[in-house]
Amino acid sequence: MEVRELPLEDRFVEHFEEKGIESLYPPQVAAVEAGVADDQRVVAALPTASGKTLVAQLAMLTADGPALYVVPLRALATEKYETFSELPGVSVGVATGDYDGDDDGFEDDDIVVATCEKVDSAIRNGAEWVERLACVVVDEVHLLDARGRGPTLEVTLAKLQRLRPDQQIVALSATVGNADEIADWLDAELVQSTWRPVDLKTGVYDDGAIAFEDGENRRIDADDRPPTTALVADALDEGGQSLVFVNSRREAQQLAAELADEGFAAAPEIAEEIGPDATTSTGEALASAAKGGVAFHHAGLRAEHRSIVENAFRERELRVLCATPTLAAGVNVPARRVIVRDTERFTGEGYDPLPVLEVHQMFGRAGRPGLDPYGEAVLVATGENADSLRERYVGAEPEPVESKLAAREPLRTHVLATVAGGFADSREGLRDVLASTFFAHQRDESELRDLTDEVLAYLDATGMLRRDGGLAATDLGRLVSRVYVDPLTGAEVVEAVETAAAMERVTALTILELVCDTEDMTTQHVRNDEAGRLSEFAMRREDQFTKSVSEFEGNFQSWLGTLKTARLLADWADGADAETIDERYGVAPGDVRRLAESAAWLLSATEVIAEHLADGAVGRDADAESDAAADGGETADADYESVVDRIRETREALVERED
Ligand code: ADP
């Protein structure tokens, strides 16, 4: 089937032809036959690089109104935004920034690219553009399985369909065990295939040779070198790049340094490009590896360095990339040979084998269409495990996608948002919404009832929702839902702001400790050698915290992590550079950015909640005064306004620092 034969306007046909897309790949033909360009709902479960983006574009460009493209990661939003922006005469918007606020900026866009959280937030804030969507494309829909964002994805899809029941839905998925179940849930046609534009050879390296699945046995000249080094050298001999997956940042850096020492291929220009601001230990390590033509890729890298690395690898200036599994799921960085060195991941307690789906996504990166004759995916055996590796990952079915909605955390968030957003005003109404989730399709809505009741009681007890007769959100509940924090965070913020309002001394550190000690913040680990100094610091500044340090309630050790995070953010807001933070706290620049971003978002949510408390406090103080007068005691002297001011200053300092 030719692009010309599709029901597309000429300008789009020309655009695709200019991109070298003239005839459709077989899975794309199947999607068209399933009606993707004809408003039909389609689930496309296809391997990496099989052309899912075109399938999405066919749906969006033929839809009878604006379209939404939902991505799981911000990094992917930018990539897709750039791709769609090239479409002639199409206006594209991208929504990934702040979680709060109603973006009315998308009213005139034909395509909006957004993370699922952003869509959820727009629905909660009553943004009009989400109500008009004729077509919704969901990228990486198998992430319904993810503990964090899976529930948000399923509830958001359920709500979108309520807002516009005739909406076309196109869900793109990696090859998973139960794509049919997802298609059933969405009432969509399933298009499933294992076709790839480049052949994939999968094998296990053991004892000096790769045993491929197709029967080929390739001897590798190891020369006493570690297996991974030998495999990389062998690919380079054939003119191919290698992408090596390991299980931690440290391993990625260490392996990159070792491989760079082999002197395979130098890339001094890239080292120079990274060099000028490689002031942190991570940056220095990267520049140094790049001199030897090798790089590493992990979440600790600064965004600028990550994109230098990705581009240089795509341009073949870097020949070897050592990455943590995060690279497998997102960005398009293919290589001739993918080497999966580590198939286990540290969970905090022990090592767990990686899911088949994840390893298959790593495999999927092998082979660059038009450049490589085929792609090779190689698992590295250690000791006696060659057979078990083969059995587990080669030719094995990936796990089925399973809903993660049945847990307290996602339910309290989504129950509150459903009621606050006007989707339900009674228990029955709530059940009705929950009945249209993927969980209810896979299991049964009734299995959520006990947990839902528990969550409703919690939301009532924390003053966010009332259960008299029907269900209604309070002003506080509506605010918490709109500013997009977990209700637990909301409750923590209310308590801490009330404490702060009665304190003598409220500093930036008070405010940062307050937001770092909420459910929505991830905090830094405290090393043994830091714990003593941090506790001393905490004692000295006890008057500045909303918690009692000397009579601490809860896990003190973990609170020290909160304190460490708050201190490093205070330094950062104060102007300390990445190098100083790295020296003082041993935290990589990419992480500092992420912490600062989360804190800035939580600070703006906290500011809104604190303002609400300040407004209410006027009435409450009067009550307290008369109570106190009746008791003959003193008036509570709570100063909410100063707390609000301090929150605002702290947020502004942090935000300014980000630019
Ligand atoms: P996926 O999203 O499935 O991983 P992409 O949509 O990114 O894959 O497509 C991978 C590459 O294949 C892109 O560079 C794209 O331009 C190219 N491509 C897609 N469809 C065709 C086609 N029919 N003919 C030629 N190239 C295509």
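Which polar backbone atom lies 2.6 Å from an oxygen atom of the ligand? In this predicted model, the atom belongs to Ala49.

View 1. An oxygen atom of the ligand is placed 2.6 Å from a polar backbone atom of Ala49. For a polar backbone atom of Lys52, the distance to a ligand oxygen is 3.0 Å, and for one of Gly51 the corresponding value is 3.2 Å. The protein buries 71% of the 570 Å² that the ligand exposes when taken alone.

**View 2. The shell around the ligand.** The ligand is surrounded by 13 residues, of which the closest are Ser23, Gln28, Ala49, Lys52 and Thr53.

**View 3. Helix α4 and its buried residues.** Helix α4 spans residues 74–85, 12 residues in total. The distance from its first C-alpha to its last is 16 Å, close to the 16 Å expected at 1.5 Å a residue. Leu76, Ala77, Lys80 and Phe84 are the buried residues shown in α4. These residues lie on the same side of α4 because they cover an arc of only 105 degrees around the axis. In an α-helix, with 3.6 residues a turn, residues three or four places apart point the same way.

**View 4. Asn178 in its loop.** Asn178 is located in the loop that joins β6 (168–173) and α7 (179–186). Its relative accessible area is 6%, and Asn178 is therefore buried, the cut-off being under 20%. A polar atom of the Asn178 side chain lies 2.7 Å from the backbone nitrogen of Val401.

Note on methods: Residues numbered from 1 in each chain as written. Predicted model: local features only at pLDDT ≥ 70, side-chain atom pairs only at ≥ 80, totals over all residues. Heavy atoms only, no water. Near = heavy atom within 4 Å. Polar contact = N/O pair within 3.5 Å; in protein donor to acceptor, adjacent residues only side chain to side chain. Areas by Shrake-Rupley, 256 points an atom, 1.4 Å probe, with all protein chains shown as cover. Helix = DSSP H or I, 4+ residues; strand = E, 2+ residues; numbered from the N terminus. Expected span 1.5 Å × (residues − 1). Buried < 20%, exposed > 50% of the residue type's maximum accessible area, 1.4 Å probe, protein only. Arc of directions from axis to C-beta.
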